[in-house]
Amino acid sequence: MGPPRSKKRRPTFRRLLKTSGVKLENKLKNRQLNQQNAAKKQRKEHKRLRQAVKGVALQEPRPLETYRRRPGEEEEEEFLESLPVDMMEEGDLQQMTAMARQASFITRDLSSCGPVHGARKRSADLVRSYEKVPRKMARAEEVEVIHLLPIKDERGVIPQSVQRVIKNQPEEEEEEEEGAADGPNGEENEGAALSSAALTPAQRERLRLQKLNQRKQTIASLGSAIISDPFSNMKRLKELRGMLMEADPSVAVSVRKLVMVSLMEIFKDIAPTYRIRPLTAAEKTAKVKKETQQLREFEEGLVSQFKFYLEDLEQTIKDWKQKKRKRSQAVGFQSYRGLAEVAVRCLCELLLAMPHFNFHNNIIVILAPLMNDAAKKVSDMCCDAFKKLFLQDKVGGASLAAVRVISGLVKSLNYNVRPEALRTLLSLRIKEVEMKKDLETTAPKKKFMTNKEKKKNLSRMQRKWKKAEEKLEKELLEAEASESKEKKTQLHTETLNIVFLVYFRILKKAQKSVLLPAVLEGLANFAHLINLEFFDDLLNVLQNLIQSGDLTNRERLHCIQTVFTILSGQGDALNIDPLNFYSQLYKMLPQLHAGAHNDDIIIVLRCLDAMLTRRRKQVTLQRAMAFVKRLSMLSLHVLPSASVGILAANRATIHAFPRCDFLLDNEIQGSGFYLPELDEPEHCNAQNTALWELHTLQRHYHPIVRRFAAHLRQGAPSDGSAALSVELSRRSPQELFEDYSVKNMTFNPPVAPPSSKKKDLFVVGAALLDAELQRRVQSVRTAADDTQLDFSAACARTTAQH
């Protein structure tokens, strides 16, 4: 017997014809679509790419994988080969042959699949490999082929796809449309330009005001919506920020300024009072309540929009500094400065109003270089902002960040900085710092006991109570919500170290710089906080500066003030006799007359307080009397406010050295004569002179000067008729100088108005004592009133007489 007959029935001829017709129809459709796609792509691709595609199309595809054929497939192929081909046309046969040579991505991938009725492993690989095929092919510009999931029947896997035509016009059509669009739109734009040019100036101004009012209403509506409900209207904030790119040249500058200021006020209003930190990966994936999610979205959107707003302000300033001309030409180059000034003002307001919020350090980095800007208005705005920041910063975190940036700026510019930028450091609120102490005092103190110490020293019940007590203390510290004193002192110490580093660098490397007066003034202001290790070197540097002769009077006064502030504070323990600095101030006093800058007197008063009053135990009587005499001479040549301050300083010196009353007597105390031209206070024999200047000052036009002169002439008593009033006696010389200053062009006390010198009116008749005389005068006045004057008759008589 032969081999068993196969039970599988061969396909009938009709079925094969039907199947072949469907395949041919599908292949023809695919071929037409592929040709259309290739033709459209060829218009945009390079010539080399088209040649490469043609070369690949002519090559015969290599099979990716080969599989062992089933017996039934060989019989089917033999049967198909034996089919007559005379019923097909030549074009169809060539088309089928050409399509067989081409292998697309889908056909090649499907041909690599195993048989339909293969093993499970092969079927699994088939599904897995088909899953790798994307649902969408690379999108063509004109036709998009969407591949669907395949279907499977007895013949095998049949791919399914849907083709969607995209209504994108070809390149030529696009160019034509662009040309056509340019034509009408260009004509419209030209027409609009011509129409605007045809308008009169009044009409153009009216049109501009109308547009500006519309923009103002839009800004107001967006701002009110954001402030009323910021959680829901965060998108409105983005819309308002988009108005910073206003393109209408007639209102672009005004609208951008309004939007900048409006956004600044909105951020100040809706920003929380804490710093928003980014969420971690675990927090993003965790499930939270709806309110918490809404709060997170609000915070994320707020930080993002605030960052973009700061970037817009910074870019506006950069465009102005770089003199950059925009393409849009919506804003003229002359208007860049006005926009930049508004941007700087907004940044200054945010610097002061939001020191707790995000990107505060970025604002400092933007504004710090502008303190040295050539534009005085911009520089003054930034300097004032940093001064206010230092004054209102009670903790010290923002001040520390600003001082760091200023220090880096001074060093990077090689000390070519405006003195006003360095004088902002004088506004720092630093009162206490950590001085260098012993290791025992600086060692960190343990707040809570460790577990080992608790187990060793405490019982179980005591440990339980101790744990509850520590927990309560921690909660109380958190409930205070205030910075600890230790942290505040630490921040102030670090800030002051950076300030002194800047000052010492300038003293070492740039002694002839314009920053030296600001440095000396800063050293005088913070001298009581300088560490003892720097005293010797600093005193030598200051003495060399004074003796060099290159300093002005004000700079020398600052040096002297720094030295005596150090010696009256921590340097009191040092055994130093600064006689040279006394001589320098004594020599400088006659130069501070009213013809010079009168503000130097306030520095003199501070120096006298540190040199004579606080160091009265280290000062001799001869030196004190010499200063009192020279100060009395100086009071004759300065303004009234300076005279009041100097006389108040003399009063304090007389109280500190009671034996200075020798100067109120004409008798000579000892040998020698007074030498007023000698610049050594110890050897000028001041005890042999008298304060004759007080008699001259008693006739001064200022009442307070006269009162002080009379008070000192009586020996500056604390009680009695010659004593000063409480308002004058309890105020320091510096305060009196400020109170009676005339820098605001006001006189204190105000000058009394002149008395009226009008003569008394003489009432005719009523003032006469004789009744008969009063009657006659009254009759004459009545007759004169009744008589009518005739000027023409009088003129005729006068002419006839002549």
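Predicted model: local features only at pLDDT ≥ 70, side-chain atom pairs only at ≥ 80, totals over all residues.
**Exercise 1. An aromatic pair between helices**

Work out how the rings of F267 and F306 are arranged, and where the two residues sit.

*Solution.* Start with the total: eleven aromatic pairs are counted in the model. For F267 and F306, the ring centres are 5.1 Å apart, and the planes meet at 65 degrees. Centres within 6.5 Å make a pair, and planes over 60 degrees apart count as edge-to-face. The pair is therefore edge-to-face. Now check the surroundings. F267 is buried, at 1% relative accessibility, and F306 is buried too, with a relative accessible area of 1%. Finally, widen the view: F267 and F306 form one aromatic cluster with Y309, F357 and F359.

**Exercise 2. Another aromatic pair to classify**

Decide which class the pair F564 and F581 falls into, and whether each residue is buried or exposed.

*Solution.* The ring centres of F564 and F581 lie 6.4 Å apart, with the planes at 85 degrees, so this pair is edge-to-face. F564 is found in helix α24 (residues 553-568) and F581 in helix α25 (residues 579-588), and the pair links distant parts of the chain, 17 residues apart. For burial, the cut-off is under 20% relative accessible area. F564 is buried because its value is 0%, and F581 is buried because its value is 6%.

**Exercise 3. Positive phi values**

Describe the backbone and the setting of Y415 and of N685.

*Solution.* Take Y415, whose phi is positive, near 65 degrees. Y415 lies in the loop between α16 and α17 (419-423), and it is buried, with a relative accessible area of 9%. Then turn to N685, where phi is also positive, near 55 degrees. N685 is placed in the loop between α28 (640-656) and α29 (693-697). Its relative accessibility of 22% makes N685 partly exposed.

**Exercise 4. A charged patch**

Which residues form a positive surface patch, and where does K394 lie?

*Solution.* List the members: the patch is formed by K394, R429, K431, K485 and K488. Then locate K394, which lies in the loop between α15 (376-392) and α16 (397-412). Last, test its exposure: over 50% relative accessible area counts as exposed, so K394, at 57%, is exposed.

Note on methods: Residues numbered from 1 in each chain as written. Heavy atoms only, no water. Patch = residues over 30% accessible without salt bridge, like charges linked within 9 Å, V, L, I, M, F, W, Y side chains within 5 Å. Areas by Shrake-Rupley, 256 points an atom, 1.4 Å probe, with all protein chains shown as cover. Salt bridge = Lys/Arg side-chain N within 4 Å of Asp/Glu carboxyl O. Lys, Arg positive; Asp, Glu negative; His and termini not counted. Charge placed at Lys NZ, Arg CZ, Asp CG, Glu CD. Helix = DSSP H or I, 4+ residues; strand = E, 2+ residues; numbered from the N terminus. Buried < 20%, exposed > 50% of the residue type's maximum accessible area, 1.4 Å probe, protein only. Phe/Tyr/Trp six-rings, centres within 6.5 Å; stacked < 30°, edge-to-face > 60°.
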